[in-house]
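Please consult the sequence and the structure while reading.

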Amino acid sequence: MAGNVKWYHHAAALIIVAIWGVTFVSTKYLLNRGLSPVEIFIIRFSVAYAGILAVSHKKMFCNSLRDEMLAVLTGFFGGSLYFIVENIALEKSSASNISLIVCTAPVFTLLASSAINKEKISLRIFAGLMISMSGVAVLLFRNADTIHFNPAGDILALAAAFMWTAYSIILGYLSGRYGTSATAICPGRIRSGSHY
């Protein structure tokens, strides 16, 4: 698998990470300009859904009711609740605090996935996560004046990270059954039919 990764996969990942990082600042800006967390979520969801639908527009339902309910859960945790809670957290705390806390989601996802699948976490993967988290912390808090804790906002950000963990675990199962491009339409529906 690793041998099949091309340079443009890494380039795409870097672009996505850069865009994702900008969303914290842009959401904070929109909140300061009077938009509500739910309004921002609706706009963001609509733009993302239209873009994904343009490349993933065949049948919109899963092969079984169980998978359909799991798809609904991904939409609930990852597509709706996560973004609304994150937006409310940004309303109450700084973008740097929220982005750092939300960046803990991969750690929780790794721990939850390891517990569910009874897999051991390699020292290399754990060390990589800790190094990346440390790097994020150094970048965000290099100036002590930028550290402003707000318990309500920070707890909501942590809740958002847990919601993203639930989304990731469920989506991982569905991706194995339907393929990545099919599950990209979540939140919403997953195309039935062939594996991609």
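## Helical architecture and packing

From the N terminus on, the elements of the protein chain run α-α-α-α-α-α-α-α. The chain thus presents eight helices and zero strands; helices (H or I, at least four residues) and strands (E, at least two) are DSSP runs, numbered from the N terminus. The model is predicted: local features need pLDDT of at least 70, side-chain atom pairs count only at pLDDT 80 or more, and totals for chains, interfaces and linings use all residues. Residues are numbered from 1 along each chain as its sequence is written, and side-chain values use heavy atoms, with hydrogens and water left out.

**The chain as a whole**

Of the 196 residues of the protein chain, 33% count as buried. Buried denotes under 20% relative accessible area, exposed over 50%, and partly exposed the range in between (1.4 Å probe, protein chains only). The protein chain exposes about 11700 Å², of which carbon and sulfur atoms supply 72%; accessible areas come from the Shrake-Rupley method with a 1.4 Å probe, and for residues only the protein chains shown count as cover. Among contacts in the chain with a separation of 6 or more, 76% are accounted for by residues 24 or more positions apart. A contact means heavy atoms within 4.5 Å.

**Helix 3 against helix 7**

Two packed helices are described by the angle between their axes and the distance between the axes. The axes of helix 3 (residues 65-92) and helix 7 (residues 151-178) come within 8 Å and cross at roughly 155°. Helix 3 is therefore roughly antiparallel to helix 7. Axes here are lines fitted to C-alpha atoms, for helices over the stretch in contact, and angles run from 0 to 180 degrees between N-to-C directions. Angles under 35 degrees count as roughly parallel, over 145 as roughly antiparallel, 65 to 115 as roughly perpendicular and the rest as oblique.

Helix 3 passes helix 7 in a left-handed crossing. A crossing is left-handed if the near helix is turned anticlockwise from the far one by less than a right angle, and right-handed if clockwise. By class, the contact of helix 3 with helix 7 comprises 23 nonpolar, three polar and five charged residues. In this classification Ala, Val, Leu, Ile, Met, Phe, Trp, Tyr, Cys and Pro are nonpolar, Asp, Glu, Lys and Arg are charged, and the others, Gly among them, are polar.

Two residues of helix 3 may be considered individually. G79 lies in helix 3 and, at 2% relative accessibility, counts as buried. I88 also lies in helix 3, but I88 is partly exposed, with a relative accessible area of 28%. Not counting residues up to four places away in sequence, I88 touches P37 and L156.

**Helix 4 against helix 7**

Helix 4 (residues 95-102) is mostly covered, with eight of its eight residues buried. These are A95, S96, N97, I98, S99, L100, I101 and V102. Helix 4 and helix 7 pack at an angle of about 30°, with their axes 8 Å apart. Helix 4 is therefore roughly parallel to helix 7, and helix 4 passes helix 7 in a right-handed crossing.

At this contact, N97, I98, I101 and V102 in helix 4 meet G153, D154, A157, L158 and A161 in helix 7. The residues of the contact divide into six nonpolar, two polar and one charged.

F108 is placed in helix 5 (residues 105-117) and is partly exposed, with a relative accessible area of 22%. Leaving aside neighbours within four places in sequence, F108 is in contact with L158, A161, F162 and T165. E39 is found in helix 2 (residues 37-55); E39 is partly exposed, with a relative accessible area of 41%.

**Pairs separated in sequence**

The table gives C-alpha distances for selected pairs.

| Pair | Separation along the chain | C-alpha to C-alpha distance |
|---|---|---|
| F108 and A166 | 58 residues | 9.3 Å |
| I88 and K28 | 60 residues | 9.8 Å |
| G79 and M163 | 84 residues | 9.8 Å |
| E39 and I84 | 45 residues | 9.1 Å |
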